[in-house]
Amino acid sequence: MPGDDRGALYARDRSWQPPANTPGYKSTTFRAPRHALLSLPATVSELTGPTFGDTPLGPLDNDLIRNYSQDGGEAIGQRLIVYGQVLDENARPVVDTLVEFWQANAGGRYRHKREGYLAALDPNFGGCGRAITDENGFYSFRTVKPGAYPWPNGANDWRPAHIHFSIFGNAFAQRLITQMYFEGDPMIWQCPIVASVPDKAGIEQLVAKLDRHNTTPMDALAYRFDIVLRGRRSTMFENKLEGN
Amino acid sequence: MLHPVPTLKETPSQTAGPYVHIGLTPNFAEIRGIYDADPGATMVSPDTRGERIVVSGRIIDGAGAAVSDAVVEIWQADTDGSYTGQVGRTSNSRPTFTGWGRQATNSEGVFLFETIKPGPVRGPDGTLMAPHIALWIVARGINIGLQTRLYFADEEAANGTDFVLSRIPDPKRRATLIARKEEGDVPRYVLDIHLQGDRETVFFDM
């Protein structure tokens, strides 16, 4: 319930999360705070968050192959289904939460006014979508596989194919933005943005797995990407634990 | 046994990147026709109770440059100090205030929200916290979203006893969270966010 002051969140494991300053990713140099973060218990202001369960999404909001269609055309590229479950650290599904995603087209070109990469735009591809998790915490969308793309960091740095994700959860302190990569892509292990994550197991958590079982024959391959948000401790009510 | 041990690790954060607007504010990115409006663009309706205010500021990096590619989200209580925010609800019980907003910074690094002044909310120690707005900032070069708060300069007494502000040891740093007031038809509260340096904003791990 919104407005509910529920149990405290587990502290974020900052040794698992990327630090603010990762010199291999040059843009962090002047954008990383120098002071330590001030640790405080979350208050009701962070333990609540906006809810989107009744948001009327458009019928094509989770279909990037068609949601920017001009004159009925479809996006060019490797057709994919991307799906997964949003869970908390206690492995409980996070239901009715908003998941947003954005990406480059099949050639690695973003539809953005500040983007100048010479790969062509796809007239039928916008690159954004959203979904709300179901009663078991699952989301899914259709898209095309994004291409790798070069960026001005090192002299010859390329991002691996990736899809950006934004997830809300049900507390403002659970708010998370991350990136999904594709199983087997050799460029994952050469990318300074990926390498901002200190632990190899953490990086592997960002790699979606090819899922032949959920592939649509003669149509689209499936990749599974599960997402874990911060979990809550149980609240003590009269010295009894709720929900355990 | 007090608490179960968490069984999964939180998904690692990654930067939102320079093209975050494609996903979070597509109309701002000039991608038209996918969403009617950018999520979080409008927080108030004619039925919203409370004092209309503008909350604005500039995001500045450690070299003094404007952060012109950030997205800022805010989350706040209503005028009664309740977190009733529900975005996009269509039922009759719909609250008239979303409590949540999302805006991109412009080429000068400026963000701006049209909202209401929040009422005071009770803190974990039982006392009232001073009116405040929670902020979350993402951008290229920010590996994990930065959490901070905005307080109001005209709430001096409440700010003096606030649960969070009082836990910032250095009063000079406490001041980095207090927005100055500019009078006008609609009062404007201005808070510049310094990511790094001598005037660095206090960021929280909450």
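## Before we start

This is a predicted model: local features need pLDDT of at least 70, side-chain atom pairs count only at pLDDT 80 or more, and totals for chains, interfaces and linings use all residues. Residues are numbered from 1 along each chain as its sequence is written, chains are lettered from A and ligands numbered from 1 in the order in which they are written, and side-chain values use heavy atoms, with hydrogens and water left out.

## Where the chains meet

Chain A puts 91 residues into the contact and chain B puts in 81, where contact means heavy atoms within 4.5 Å. The area buried between the two is about 7800 Å², with 57% of that coming from carbon and sulfur atoms. On the chain B side, B:Glu10, B:Gln14 and B:Tyr19 lose the most area to chain A, together 11% of what that side buries. Buried area here is the accessible area (1.4 Å probe) that two parts lose on being put together, summed over both.

There are eight salt bridges across this interface, counted when a side-chain nitrogen of Lys or Arg is within 4 Å of a carboxyl oxygen of Asp or Glu. Sorted by class, the side of chain B that touches chain A has 45 nonpolar, 20 polar and 16 charged residues. For that sorting, Ala, Val, Leu, Ile, Met, Phe, Trp, Tyr, Cys and Pro are nonpolar, Asp, Glu, Lys and Arg are charged, and the others, Gly among them, are polar.

## Strands across and within chains

Strands are DSSP runs of E, at least two residues, numbered from the N terminus, and two of them pair if DSSP finds at least two bridges between them.

Inside chain B, strand 8 pairs with strand 9 (residues 178-182) in the parallel sense over two bridges, and B:Tyr151 stands opposite B:Ile178. Strand 9 also runs antiparallel to strand 10 (residues 188-190), with three bridges. Those two strands form a hairpin with five residues between them, and B:Glu182 is partnered with B:Arg188.

Terms used: Helices (H or I, at least four residues) and strands (E, at least two) are DSSP runs, numbered from the N terminus.
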